[in-house]
Amino acid sequence: MGINGELKQVSPYLLEKLKEYPDFAELFFNAKYLPDSPFWLEFTIQSDNPDDVDWFEEFSNFAAETIEKLKQNKPKEFELLREEIPMILNEGKGKYLELEKIGEQYIGYSQVMMNRFA
């Protein structure tokens with residue numbers, strides 16, 4: 001059993017907006033699945049597999065569905081943040097920080113430095 005966490009970098013400006021309007025955090029996280037996000041570069045879709053195609057179509061529409069939901073359920077907030085939505089989506093598309101790789105790089109660097117001064 002283990003705990004898996006994903007960290008994502010966010011600008012201070014957007015962090016303040018998401019704290020003020022937390023319903024828009026869903027849009028930030030769903031942006032990961034937009035068709036032009038790096039997520040799909042690492043995911044192979046077998047075009048001859050209907051499940052893969054269905055999965056892609058379902059997930060790539062999450063952000064659009066969230067936008068529609070926010071328009072309907074939070075119309076005032078949506079109008080206030082309408083111009084911020086491209087920024088929310090753009091930052092949300094970014095890759096998650098891969099702590100495992102960062103740790104491996106740090107360990108490798110530490111070993112090089114220890115050997116250098118030994």
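Helices in this account are DSSP runs of H or I, at least four residues long, numbered from the N terminus. In this predicted model, one such run is helix α3, which spans residues 50-60 and contains Val53. Leaving aside neighbours within four places in sequence, Val53 is in contact with Ile45, Gln46 and Ser47. With a relative accessible area of 26%, Val53 is partly exposed, because the buried class requires a value under 20%.

The wider architecture can be set out briefly. The protein chain has seven helices and zero strands, and from the N terminus on its elements run α-α-α-α-α-α-α. Of its 118 residues, 26% count as buried. The chain exposes about 8,900 Å², of which carbon and sulfur atoms supply 55%. Among contacts between residues at least 6 apart in sequence, 68% join residues at least 24 apart.

The interior is the next subject. In soluble globular proteins, nonpolar side chains tend to be buried together. Here the largest nonpolar core has 16 residues, and those with the most contacts inside it are Phe24, Leu27, Ile67, Phe78, Ile85, Ile88 and Leu89. Two or more residues of this core come from each of α1 (12-20), α2 (25-30), α4 (62-73), α5 (75-81) and α6 (85-92).

The buried residues of α6 are Ile85, Ile88, Leu89 and Gly92. Viewed down the axis of α6, these buried residues fall within an arc of 95°, so they line one face of the helix. An α-helix has 3.6 residues a turn, so residues three or four places apart point the same way. On the other side of α6, Pro86 and Asn90 are exposed. The buried residues of α6 pack against α1, α2, α4 and α5. Leu89 may be followed individually: not counting residues up to four places away in sequence, Leu89 touches Leu27, Ala31, Leu34, Ala63 and Ile67.

Lysine side chains provide a further set of relationships. Lys8 is found in the segment before α1 and is buried, with a relative accessible area of 16%. What do the polar atoms of the Lys8 side chain approach? A polar atom of that side chain lies 2.3 Å from the backbone oxygen of Gly92, and the backbone oxygen of Gly94 lies 3.1 Å from a polar atom of the Lys8 side chain. Gly92 is also listed among the buried residues of α6. Not counting residues up to four places away in sequence, Lys8 touches Phe28, Lys32, Glu91, Gly92, Lys93, Gly94, Lys95 and Tyr96.

The side chains of Lys93 and Asp36 meet with an N to O distance of 2.9 Å. This pair links distant parts of the chain: Lys93 is in the loop between α6 and α7 (99-116), while Asp36 is in the loop between α2 and α3, 57 residues apart. The two partners fall into separate accessibility classes: Lys93 counts as buried at 17% relative accessibility, whereas Asp36 is exposed, with a relative accessible area of 54%.

Across the whole structure, a search finds seven salt bridges. Another of them joins Glu26 and Lys69, with the closest N and O atoms 3.0 Å apart. Glu26 lies in helix α2 and Lys69 in helix α4, so the pair ties together parts that are 43 residues apart in sequence. Glu26 is partly exposed, with a relative accessible area of 35%, and Lys69 is partly exposed at 38%.

A further salt bridge is formed where the side chains of Glu79 and Arg82 meet, at 2.7 Å from N to O. Glu79 is partly exposed, with a relative accessible area of 48%, and Arg82 counts as partly exposed at 41% relative accessibility.

Methods. Residues numbered from 1 in each chain as written. Predicted model: local features only at pLDDT ≥ 70, side-chain atom pairs only at ≥ 80, totals over all residues. Heavy atoms only, no water. Core = buried A, V, L, I, M, F, W, Y, C linked by side-chain atoms within 4.5 Å. Buried < 20%, exposed > 50% of the residue type's maximum accessible area, 1.4 Å probe, protein only. Contact = heavy atoms within 4.5 Å. Salt bridge = Lys/Arg side-chain N within 4 Å of Asp/Glu carboxyl O. Areas by Shrake-Rupley, 256 points an atom, 1.4 Å probe, with all protein chains shown as cover. Polar contact = N/O pair within 3.5 Å; in protein donor to acceptor, adjacent residues only side chain to side chain. Arc of directions from axis to C-beta.
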